[in-house]
Amino acid sequence: MPIIHPNWDRAAANMVDGYSLEMTAKDVDSLRAAAPALRPETPVAVTFLPGEEFKARIAATRLVRDLGFEPMPHFSARRIQSAGEFEDYLSAAVAEAGVKRCFVIAGDPSEPEGPFFDSSALISSGAFERAGITAIGIGGHPEGHPNMSKQQCWDVLQDKVADIESRGMAPLIVTQFVFDADAVLDWLADLRARGIGAPVRIGVPGPAGIKTLLRFAARCGVGASASVLAKYGISITQLFGSAGPDKLVDTFARKLGPQHGRVRLHFYPFGGLEKTVAWINDYDRAH
């Protein structure tokens, strides 16, 4: 089985060791500014958002590689309008940015804009292994999915992991961002009990304004009850100011164990790449 990154075969020095980041095609200037503070070969995911041009996504993916990091472009199945568009985007990412890993999601539209209904359809097309891709990222949903039952979530995840492995690639599970560490820990224990050994990246929100965090939580269906937010360090009576993931990451550091398998963090920089990278480096120095 191809390895995703050598980091996965050793114990993490602390909770931010071997982290990954997410960016949009519009974040190229922010990435350039943050680059000197980023570790070499850090995986950087490039999202597939509506309203962004194909060329802009490829340019962002190429910049990730040129700056010495590891690009992981997203493919949003329902937003891809044809098999040709899919293969063109994939081949451009490989040719121009040396892409070896990709992340697949169904995407927000309820109906597909082209021939791909979900991420499983992209995986089963065979295009990724033909292009020389060695690792495929798929979504994990510790707090459930709005359109699937809990059992359906597990069935779909197991099927995707098996399909990726059968094609000679390594599966990587990346979760939506969370505020509730305990929900993730329970989900990880359940994941391993079901025999799914794939490495997991837990989605963590970078430091950001509280209103910004709550807006993204509402958009992404992330649990944000008053009690969960209080554990994270947010009071719903004080929505001004900002909040960082200190309490969340500290809880993972305390409670993650061998029973949870291979785990690293994936940061969603809602407050900006520079601010998130500064927080990561501060945490690293303190631990």
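The exercises below, each with a worked solution, concern a predicted model.

**Exercise 1. Describe helix α6, and work out how its buried residues are arranged around the axis.**

Solution. Begin with the extent of the helix: α6 covers residues 150-166, which is 17 residues, and spans 25 Å from its first C-alpha to its last, close to the 24 Å expected at 1.5 Å a residue. Next, list the residues with under 20% relative accessible area, the cut-off for buried; in α6 these are C153, W154, L157, K160, V161 and I164. Viewed down the axis of α6, these buried residues fall within an arc of 135 degrees, so they line one face of the helix. On the other side of α6, D159 and S166 are exposed. Then ask what lies against the buried residues: their cover includes α4 (119-124), β5 (135-140), β6 (170-177) and α7 (181-193). Finally, look past the end of the helix, where α6 is followed by G168, a residue with a positive phi, near 80 degrees.

**Exercise 2. Classify the aromatic pair formed by F86 and F116, and determine which parts of the chain it ties together.**

Solution. The whole structure holds 16 aromatic pairs, and one of them joins F86 and F116, with 5.4 Å from centre to centre and 75 degrees between the planes. Planes over 60 degrees apart count as edge-to-face, and the pair of F86 and F116 is accordingly edge-to-face. Now place the two residues: F86 belongs to helix α3 (residues 83-97), whereas F116 sits in the loop between β4 (101-105) and α4, so the pair ties together parts that are 30 residues apart in sequence. As for accessibility, F86 is buried at a relative accessible area of 2%, and F116, at 8%, counts as buried too. Widening the view, ring pairs link F48, F54, F75, F86, Y89, F116 and F128 into a cluster. One member of this cluster, F48, has R57 over its face, at 3.7 Å from the ring centre.

**Exercise 3. Determine whether N14 is buried or exposed, and identify the partners of its side chain.**

Solution. First locate the residue, which lies in the segment before β1 (20-23). With a relative accessible area of 11%, N14 is buried. Leaving aside neighbours within four places in sequence, N14 is in contact with D284 and H287. Taking these partners in turn, the side chain of D284 makes a polar contact of 2.8 Å with the side chain of N14, while the backbone oxygen of H287 lies 3.2 Å from a polar atom of the N14 side chain.

Terms used. Residues are numbered from 1 along each chain as its sequence is written. This is a predicted model: local features need pLDDT of at least 70, side-chain atom pairs count only at pLDDT 80 or more; totals for chains, interfaces and linings use all residues. Side-chain values use heavy atoms; hydrogens and water are left out. Helices (H or I, at least four residues) and strands (E, at least two) are DSSP runs, numbered from the N terminus. The expected span of a helix is 1.5 Å times one less than its number of residues. Buried means under 20% relative accessible area, exposed over 50%, partly exposed in between (1.4 Å probe, protein chains only). The arc is that of the directions from the helix axis to the C-beta atoms. Contact means heavy atoms within 4.5 Å. Rings of Phe, Tyr and Trp (its six-membered ring) pair if their centres lie within 6.5 Å; planes under 30 degrees apart count as stacked, over 60 as edge-to-face and the rest as tilted. A charge sits over a ring if NZ of Lys or CZ of Arg is within 6 Å of the ring centre and within 35 degrees of the ring normal. A polar contact is a pair of N or O atoms within 3.5 Å; within protein, one must be able to donate a hydrogen and the other to accept it, and residues adjacent in sequence count only if both atoms are side-chain atoms.
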